[in-house]
Amino acid sequence: RDGPIKAKALARSLGLFTDWNAHISLKDKKDSKLPPVEGTSKLPCGISAVRDHLRNVDDVPLLVSLFTDCESNSMKEMIKIYQENGESVLCLSSTLSTNHLSTPLQADLAISLDPTRL
């Protein structure tokens, strides 16, 4: 339950739109026992539902700027979905993050930053 709240706080600080229905959880509903953070989303929930939504409903998942509950496999799969739909993908990562080393390799362009304290 903390994941989407923290992600939205970070997104707000970066100037991204974070109102209701502005994020997609990449965790499948069957894996989550908790209700959505805010109301009932009209967006797909889970990476497996994104392709179906794109095929049968609309392209809104490609317009959303915030994804929560991300794991390496689901992030790589979402990058593939963007690429399959003609988008170029930039992956920005931290040199200190060793959890998702293979994710930037899926992107068209990857930049890794060495974070410093302010």
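Q: Which helices and strands each supply at least two residues of the lining of the largest pocket?
A: Helix H1 (2-13), E2, H3, strand E3 (90-94) and helix H4 (103-106) each contribute at least two lining residues. The largest share, 5 residues, comes from E3. The model is predicted: local features require pLDDT of at least 70, side-chain atom pairs are counted only at pLDDT 80 or more, and totals for chains, interfaces and linings use all residues. Numbering starts from 1 along each chain as its sequence is written, and side-chain values rest on heavy atoms, with hydrogens and water left out.

Q: What makes a run of residues a helix or a strand, and how many of each has the protein?
A: Both are DSSP runs numbered from the N terminus: a helix is a run of H or I with at least four residues, and a strand is a run of E with at least two. By this rule the protein has 4 helices and 4 strands. Along the sequence they follow the pattern α-β-α-β-α-β-α-β.

Q: What makes a set of grid points a pocket, and what volume has the largest pocket?
A: On a 1 Å grid over the protein atoms alone, a pocket is an open set of points with protein on both sides within 12 Å along at least five of seven lines, whereas a cavity is a set where a 1.4 Å probe fits but cannot get out. Points are joined across faces, edges and corners, and the volume is the space filled by probe spheres set on them. The largest pocket has a volume of about 1100 Å³. Of its 30 lining residues, Phe67, Cys70, Met75, Cys91 and Leu92 are the closest to its centre; a lining residue has an atom within 4 Å of a point.

Q: Into how many nonpolar, polar and charged residues does the lining of the largest pocket divide?
A: There are 20 nonpolar, 9 polar and 1 charged residues in the lining. Ala, Val, Leu, Ile, Met, Phe, Trp, Tyr, Cys and Pro count as nonpolar; Asp, Glu, Lys and Arg count as charged; the others, Gly among them, count as polar.

Q: Why does Leu92 count as exposed?
A: Exposed means over 50% relative accessible area, buried means under 20%, and partly exposed lies in between (1.4 Å probe, protein chains only). Leu92, in strand E3, has 56% relative accessibility and therefore counts as exposed.

Q: Why is Met78 called buried?
A: Met78 belongs to helix H3. Its relative accessible area is 3%, so Met78 is buried. Buried residues make up 30% of the 118 residues in the protein. Met78 and Gln106 are 28 residues apart in sequence, with their C-alpha atoms 9.9 Å apart in space.

Q: Which residues form a nonpolar patch on the surface?
A: Leu90, Leu92, Leu109, Ile111 and Leu113 form the patch, with about 480 Å² of accessible area together. Areas come from the Shrake-Rupley method with a 1.4 Å probe, and for residues only the protein chains shown count as cover. Patch residues have over 30% relative accessible area and no salt bridge; nonpolar side chains (Val, Leu, Ile, Met, Phe, Trp, Tyr) are joined within 5 Å, and like charges within 9 Å. E3 and strand E4 (109-113) each supply at least two patch residues, and E4 gives the largest share, 3 residues.

Q: What makes the contact of Glu77 and Arg51 a salt bridge?
A: A salt bridge requires a side-chain nitrogen of Lys or Arg within 4 Å of a carboxyl oxygen of Asp or Glu. The side chains of Glu77 and Arg51 meet at 2.4 Å, N to O, so the contact is a salt bridge. Glu77 lies in helix H3 and Arg51 in helix H2 (residues 47-56), so the pair ties together parts 26 residues apart in sequence. Glu77, at 24% relative accessibility, counts as partly exposed, as does Arg51 at 25%.

Q: Where do Asp52 and Arg55 lie?
A: Both lie in helix H2, 3 residues apart, about one turn of the helix. Asp52 counts as partly exposed at 39% relative accessibility, whereas Arg55 is exposed, with a relative accessible area of 58%.

Q: Why does Asp69 count as partly exposed?
A: Asp69 has 31% relative accessibility, and therefore counts as partly exposed. The residue lies in the loop between strand E2 (66-68) and helix H3 (72-84). Asp69 has a positive phi of about 55° although it is not a glycine.
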